[in-house]
Amino acid sequence: MFQVELSRQTQTLSVVLEEILTSPIMWFFCALIPCLLIVRLNASIPDGVAVLPAPQNLSVQSTNMKHLLTWSPVIVPGEIIYYFVEYQGEYESLYMSHIWIPSSWCSPTEGPACDITDDITATVPYNLRVRATLGSQTSAWSTLQHPFNRNSTILTPPVMEVTKDGFHLVIKLEDLGPQFEFLVAYWRREPDAKEHVKVVRSRGIPVHLETMEPGAAYCVKVRTFVKAIGRHSPFSQAECVKVQGEALPLALALFAFFGFTLMLVVMPLSVWKMGRLLRYSCCPVVVLPDTLKITNSPQKLISCRKEEVEACATAVLSSEEPFRSWI
């Protein structure tokens, strides 16, 4: 009896399933289920998330402490894509709950590259990530595969200009930034010459190295040193300059000596002469003519003058008598 009852229930279930599978209504509901799932999935995704493709191929190119993050651009025909760059240093990762900080110059940026030099301020690993945006649409974040540390930067020899200023050896170095020091090596080009090393911190201005001897050649090479990462670049190729063989002419030296001696003699004479001229101009000395000089005593001069006056008066009176008689 039990087997007969089970057989009947099985046949009934088979008939019901056959009717369900062949029913048009059931086929309609089966076709509608995927659509409902898609609508549900779209409703569960926040606005602007995971619509654009994420940037790919993130990499950092670092030379002489200049760091550039690059990636493959996201292409949307006829549209301008903007990118946002964020970084996370060791401090943010360990002590600030893994927060991400927007880049100083690249939030947002149009091009597929970002100068992150100002963001990398410590010699620790940095995580970097980028995402694309188009209006309200935003891609997922793409993260740099391996953290970047600035101690991996490539240091190259600096550009230098070696010149001579008379008998002075002068060098001018390119400006690579405040973190760089320059180790300048220079020597006289001769067998067993001693190499001198000078640390230069001035950038972009000429620096005097040594006073050169006439007829000798001097060579210079330089490399950089970055204290923040404890590394230095290779030395540059040596550049040499030569001073002309002739020394300072003897005639010119003698002329300079005699000119100096003459100046020592002429200067005092000139000062003395100018003093006399100024004295004569300001306080002149009056010299009487000889005719006005008194050579006799004053009493004798008075007596002589009295006799001369009386004689002159007599002569005048004598000359007036004929004139009166004529009248």
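Leaving aside its neighbours within four places in sequence, which residues is leucine 173 in contact with? Contact here means heavy atoms within 4.5 Å, and the partners are Val159, Met160, Phe182, Val184, Val200, Arg203, Gly204 and Val222.

Before going on, a word on what you're looking at. This is a predicted model, where local features need pLDDT of at least 70, side-chain atom pairs count only at pLDDT 80 or more, and totals for chains, interfaces and linings use all residues. Residues are numbered from 1 along each chain as its sequence is written, and side-chain values use heavy atoms, with hydrogens and water left out.

Back to Leu173: together with Leu169, Ile171, Phe182, Val184 and Val220, Leu173 touches the most other members of the largest nonpolar core, which has 24 residues. Such a core is a set of buried Ala, Val, Leu, Ile, Met, Phe, Trp, Tyr and Cys residues joined through side-chain atoms within 4.5 Å, and buried means under 20% relative accessible area (1.4 Å probe, protein chains only). Strands E9 (160–165), E10 (168–173), E11 (180–188), E13 (207–211) and E14 (217–226) each give two or more residues to this core. Strands are DSSP runs of at least two residues (E), numbered from the N terminus. Apart from this core lies another, of 21 residues, including Leu69 and Val130.

Now for a sheet. E9, E10 and E13 form an open one in that order, with antiparallel pairing; two strands pair if DSSP finds at least two bridges between them. E9 and E13 stand at the edges with a single partner strand each, so one side of each has no neighbour in the sheet. E10 and E13 pair over four bridges, and Val170 stands opposite His208 in E13.

How values were computed. Buried means under 20% relative accessible area, exposed over 50%, partly exposed in between (1.4 Å probe, protein chains only).
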